[in-house]
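Colleague: I'm new to this one. Can you walk me through it?

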Amino acid sequence: MATHRTKMLIIGSGPAGYSAAIYAARAMMEPIVVQGLQPGGQLTITTDVENYPGFADVIQGPWLMEQMQKQAEHVGTRMMWDTIVDVDVAGGSPFTAKGDSGDEYIADVLVICTGAQAKWLGVPGEQELGGKGVSACATCDGFFYRGKKVAVIGGGNTAVEEALYLTNHSDDVTLIHRRDELRAEKILQERLLNHPKISVLWNKTVDSFAAGPTGALGHLNLKDTQTGETSEFATDGAFVAIGHAPATELFKGKLPMDDGGYLLTEPGSPKTDVPGVFAAGDVTDHVYRQAVTAAGMGCMAALDAERFLANLEIDADGHAHVAEKEAAE
């Protein structure tokens with residue numbers, strides 16, 4: 001067991017965490033990134049990335065995260081292969097976090113970039129065909145299905161929005177829902193039900209995803225929720241859109257969250273209601289959920305953290321408090 005002291009502790013990696021680290025390290029804050037169970041975040045399980053600025057050719061998600069990590073390390077970031085299991089933010093700065101390894105981390109500012117995970121159906125073929133016809137992000141992958149037949153699974157706002165978005169690329173979009181009515185907002189329902197490119201299969205669940213002759217997704221095996229009848233639905237792409245789950249269990253009762261478990265921050269800012277604690281990326285964003293927006297939020301968090309540190313005073317007992325001038329403002 002060891003104690004690690006730093007000006008900035010970043011919990012979680014991925015575009016938000018690495019970007020925060022790059023900016024913090026360049027500002028001589030000597031950040032520590034505790035990478036967690038999935039270093040690199042969701043992009044490490046994404047194959048083709050075609051919408052991240054700066055790359056004319058398609059790049060691979062794991063490669064992009066590897067490059068971000070290397071850049072962060074190159075400018076002075078320490079990467080820790082650990083998982084934070086407890087955090088104390090109640091007493092203000094400095095904050096204390098404990099790792100699964102038994103190590104303790106003490107930091108003047110805390111940046112939370114633990115991200116979110118797409119909810120999956122958990123049926124056969126789903127993970128095996130990930131990136132081969134099965135996806136959880138139409139904005140990320142819809143472009144690859146231009147002119148092809150696609151299906152969206154779900155009935156809430158996320159599913160309806162994904163289906164509407166996919167009509168930009170496909171003339172044959174089918175929404176598959178386990179009930180006989182949608183849970184999405186009425187205005188979204190109207191848009192979907194009146195859209196000429198979208199059809200709906202009611203009272204159907206997906207029992208499994210099946211590969212075609214090429215090894216990519218060929219069809220879905222469906223089951224009628226009322227009659228129990230089974231059927232096959234041929235499609236080139238299937239988008240699971242049943243929501244996301246932010247990785248915020250660690251912060252329950254410690255930081256404000258919305259009903260979905262996403263951390264709440266000041267509008268247009270990564271600041272939480274605890275001075276010196278910032279949140280960036282998918283852990284606080286249930287709207288955009290893109291690598292480039294997460295990276296931008298990581299940058300914002302580092303810049304705000306730098307300003308916070310500039311106004312921090314440390315007393316004789318080692319406790320930090322905001323300088324009087326800043327407090328007065």
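Modeller: We'll take the sheets, then some helices, then the cysteines.

Colleague: What should I know before we start?

Modeller: This is a predicted model, so local features need pLDDT of at least 70, side-chain atom pairs count only at pLDDT 80 or more, and totals for chains, interfaces and linings use all residues. Residues are numbered from 1 along each chain as its sequence is written, and side-chain values use heavy atoms, with hydrogens and water left out.

Colleague: Fine. In what order do the five strands of the open sheet come?

Modeller: The order is 10-17-11-12-13, and the pairing is parallel. Strands here are DSSP runs of E, at least two residues; helices are runs of H or I, at least four; both are numbered from the N terminus. Two strands pair if DSSP finds at least two bridges between them.

Colleague: Which strands are at the edges?

Modeller: Strand 10 (134-135) and strand 13 (198-201). Each of them pairs on one side only.

Colleague: And how many bridges link strand 11 and strand 17?

Modeller: Four, in the parallel sense. Strand 11 covers residues 149-153 and strand 17 covers 237-240. Ile153 stands opposite Val240 of strand 17.

Colleague: Which helix lies across strand 11?

Modeller: Helix 4, residues 157-166. Helix 4 also lies across strand 12 (172-176), strand 13 and strand 17. Its angle to strand 11 is about 165°. Such angles run from 0 to 180 degrees between N-to-C directions, with axes fitted to C-alpha atoms, for helices over the stretch in contact. Contact means heavy atoms within 4.5 Å.

Colleague: What about the antiparallel sheet?

Modeller: That open sheet has three strands, in the order 14-15-16. Its edge strands are strand 14 (204-211) and strand 16 (230-234). Neighbouring strands are turned by 30° against each other on average, direction ignored.

Colleague: How many bridges join strand 14 to strand 15?

Modeller: Seven, and strand 15 spans residues 217-224. Phe209 faces Leu220 across that pairing. Ala210 stands opposite His219. On the strand 16 side, His219 has Ala234 as its bridge partner. Strand 15 and strand 16 are joined by five bridges.

Colleague: What sits in the turns?

Modeller: Strand 14 and strand 15 form a hairpin with five residues between them, and Gly215 in that turn has a positive phi of about 95°. Strand 15 and strand 16 also form a hairpin, again with five residues between them. There, Gly228 has a positive phi of about 80°.

Colleague: Switching to helices. What is buried in helix 2?

Modeller: Gly61, Leu64, Met65, Met68, Gln69 and Ala72. Buried means under 20% relative accessible area, exposed is over 50%, and partly exposed is in between (1.4 Å probe, protein chains only).

Colleague: What do they pack against?

Modeller: Helix 1 (14-26), strand 3 (48-49), strand 4 (59-60) and strand 5 (78-80).

Colleague: Last topic. How many disulfides does the structure hold?

Modeller: One. It joins Cys137 to Cys140, with S to S at 2.2 Å. A disulfide here is a pair of cysteine sulfur atoms within 2.5 Å. The link is right-handed, with 70° about the S-S bond.

Colleague: Are those two cysteines buried or exposed?

Modeller: Cys137 counts as buried, at 17% relative accessibility. Cys140 is partly exposed, at 27%.

Colleague: Where does that leave Cys113?

Modeller: Cys113 is in no disulfide; the nearest cysteine sulfur is that of Cys299, 12 Å away. Cys113 is buried, with a relative accessible area of 4%. Cys299 is in no disulfide. Cys299 counts as buried too, at 17%.
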